[in-house]
Amino acid sequence: MDYKVNEDVIYRRIEDEFVLINLQSDQIFTLNQTGSTFWELLMEGLPVSEIRARLLDAYDVSPEDLDAEISLMVEKLTSEGLIERNSDR
């Protein structure tokens, strides 16, 4: 499944983190370094499968642990309205 950043979200990188603001809910979120890397790759339009491959190369993490983290991150970002399924693909 592919995702894209919701149009109602603004974001800014601050050092190793991203700060996200959902303009519909006025909620503010922060992403740690790994989450920020995920966010950057998502903004490039990469599918989750490619993001996963790049994160495996970049970080010392087991595939199982990374899959769990990605699943959790996608679930949280989707439920908070920060990302949505990309129907263009």
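Is D26 buried or exposed? D26 is exposed, because its relative accessible area is 60%, where exposed means over 50% relative accessible area, buried under 20% and partly exposed in between, with a 1.4 Å probe and protein chains only.

1. Basis of the note. The model is predicted, so that local features need pLDDT of at least 70 and side-chain atom pairs count only at pLDDT 80 or more, while totals for chains, interfaces and linings use all residues. Residues are numbered from 1 along each chain as its sequence is written, and side-chain values use heavy atoms, with hydrogens and water left out.

2. The hairpin of β3 and β4. Helices (H or I, at least four residues) and strands (E, at least two) are DSSP runs, numbered from the N terminus. D26 is placed in the loop between β3 and β4, and this hairpin has four residues between its strands. Phi of D26 is near 60 degrees, a positive value in a residue other than glycine; most residues other than glycine have a negative phi. The two strands run antiparallel and are joined by five bridges, where strands count as paired if DSSP finds at least two bridges between them. Within this pairing, F18 has L31 of β4 as its bridge partner.

3. The hairpin of β2 and β3. E15 lies in the loop between β2 (9–14) and β3, in a hairpin that has two residues between the strands. Phi of E15 is near 55 degrees, again a positive value in a residue other than glycine, and E15 counts as exposed because its relative accessibility is 71%. Six bridges join the antiparallel strands β2 and β3, and V9 finds its bridge partner in N22 of β3.

4. The two faces of β3. The covered face of β3 carries F18, L20 and N22, whereas E17, V19 and I21 are on the uncovered one.

5. Geometry of helix α3. The 17 residues of α3 (residues 63–79) should span 24 Å at 1.5 Å a residue, and the end C-alpha atoms are 24 Å apart, which agrees; the expected span is 1.5 Å times one less than the number of residues. Just after α3, G81 takes a positive phi of about 75 degrees.

6. Salt bridges between elements. A search of the whole structure finds six salt bridges, each a side-chain nitrogen of Lys or Arg within 4 Å of a carboxyl oxygen of Asp or Glu. One of them joins K4 and E84, whose closest N and O atoms are 3.9 Å apart. This pair links distant parts of the chain, with K4 in strand β1 and E84 in strand β5, 80 residues apart. K4 counts as partly exposed at 27% relative accessibility, and E84 is partly exposed with a relative accessible area of 29%. In another, the side chains of D67 and R52 meet at 2.4 Å, N to O. D67 lies in helix α3 and R52 in helix α2, so this pair ties together parts that are 15 residues apart in sequence. D67 is partly exposed, with a relative accessible area of 34%, as is R52, with 26%.

7. Further charged pairs. K76 forms a salt bridge with E80, the closest N and O atoms being 3.1 Å apart. K76 is partly exposed at a relative accessible area of 46%, and E80 is partly exposed at 25%. A network of salt bridges links E44, E50 and R54.
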